[in-house]
Amino acid sequence: MFVSEGAPERLSTERPETVLLRRIALRDRAAFAELFSLVAPKVKAYLIRLGTEAAGAEELTQDVLLTVWRKADQFDPAKAGPLTWIFVIARNRRIDALRRERSTVTYGFEPPEQADEDTPSAEAQLSGTEREIRVREALKLLPPDQQEVVRRSFFDEQPHSEIAEALNLPLGTVKSRLRLAFAKLRDRLEDL
Amino acid sequence: MTGAAVTPRHHPSEATLAQYVAGTLRPGFDVVVAAHLSTCAHCRAEAARLEAVGAAMLDEQAPVDMSADALDRALARIETPEAEVPPAPTLAEVLTPRRRRWLAPGVWTAKVDTPRYASDRVYLLGVGPGISTADHGHGGLEFTQVISGALQDGDIVYRAGDFIEHDADHEHQPVVWGDEPCVCLFATQGRLKPKGWLGRLVFALADV
Ligand SMILES: [Zn+2]
């Protein structure tokens, strides 16, 4: 919630979204308008990439930003970077919407909002924002074919078979490429 | 769910964790991964890292314009009071067997009430010590989380907390290991393909 004292170097890695979220937590409507213009088009694009049609993606993005407004006081940049926090909200709102659509649905299941709430936060030496920067760099360092399979793991429902089909590769090759790509990512991010 | 004191040794694949984090796993299969995460600090830390990868995916999208009145609508919506939303059931509630169907002495199943495709099955299976499950193949993906007890599949023993991920075309006959009953949570894509008449009969009764 707060900038720790005597850590001005932190500010250099701070994203504008972090500052805006702090102001939104204080019910600053101008900050909300600014954040909306900054992230809503990306959230909409992300949802479309996941297969939501444009009108549905627009509505879902509205829900995501409304949730951002309501939960802004729960944003803790030490735990998760601003985009990670917004990503998790978008993921959860999308799951909720899919659940409402499916007729077989009776009970829901909410994935944990903070995956590692019970992990001692002392372990997290890097701020959430620094973590986001490190992850982006680690992704960029992967060879393009490995970046491709990592992306598809996030966007396809059956990544193994869909990748195999799209790239015309045997399933075994796809699996070993995935293992290799994620092992490299993990090695570079082990200390996060 | 937190009864497992041992550290799990068998985990979901990275691709499966990535899908869980992205929310793109087949519905129903996410519950099995969630059950694993509830017992595995290693995978929770991995999932947290993957959420940051998800943020990178979000950030790298080429923006798609919102409609012209989108911001005005959003500014109006934040002024309206929040509607009460009933809380989603907890994982423990979802995994509490409501009605056990006894299939044979020492063998029961209970459906898990969670979103899933109509052709998929999500259920708990309890098997007493020394009983072998029916030899079967899969129509597709199968996720298993060992809730309590242990089972042997091939030459690997899976204990409470362990996660098992199988593809289509994998045929196996897991056997309960040790002298405790074994309870597992399963998600299976398509019907299981039992081998032999006894297996077909039991699987038909169990509706798996
Ligand atoms: Zn694990």
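User: Which residue caps the N-terminal end of α3(A)?

Analyst: The model is predicted: local features need pLDDT of at least 70, side-chain atom pairs count only at pLDDT 80 or more, and totals for chains, interfaces and linings use all residues. Residues are numbered from 1 along each chain as its sequence is written, chains are lettered from A and ligands numbered from 1 in the order in which they are written, and side-chain values use heavy atoms, with hydrogens and water left out. At the N-terminal end of α3(A), a side-chain oxygen lies 3.0 Å from the backbone nitrogen of A:A30, and the residue supplying that oxygen is A:D28.

User: At which residue does α3(A) bend?

Analyst: Helices are DSSP runs (H or I, at least four residues), numbered from the N terminus. The bend is the angle between axes fitted to the seven residues ending at a residue and the seven starting there. In α3(A) this angle is about 35°, and the proline A:P41 follows within four residues of the bend, which lies at A:V39.

User: What area do domain 1 and domain 2 of chain A bury between them?

Analyst: The domain assignment, automatic or from a database, gives domain 1 as 12-111 and domain 2 as 122-187. Buried area is the accessible area (1.4 Å probe) that two parts lose on being put together, summed over both. Of the area buried here, 52% is on carbon and sulfur atoms, and the total is about 1,000 Å².

User: Which helix supplies the largest share of the side of domain 1 of chain A that touches domain 2 of chain A?

Analyst: Both α3 and α5 (82-101) of chain A supply at least two residues each to that side of domain 1. The largest share is four residues, and it comes from α5(A).

Methods: Polar contact = N/O pair within 3.5 Å; in protein donor to acceptor, adjacent residues only side chain to side chain.
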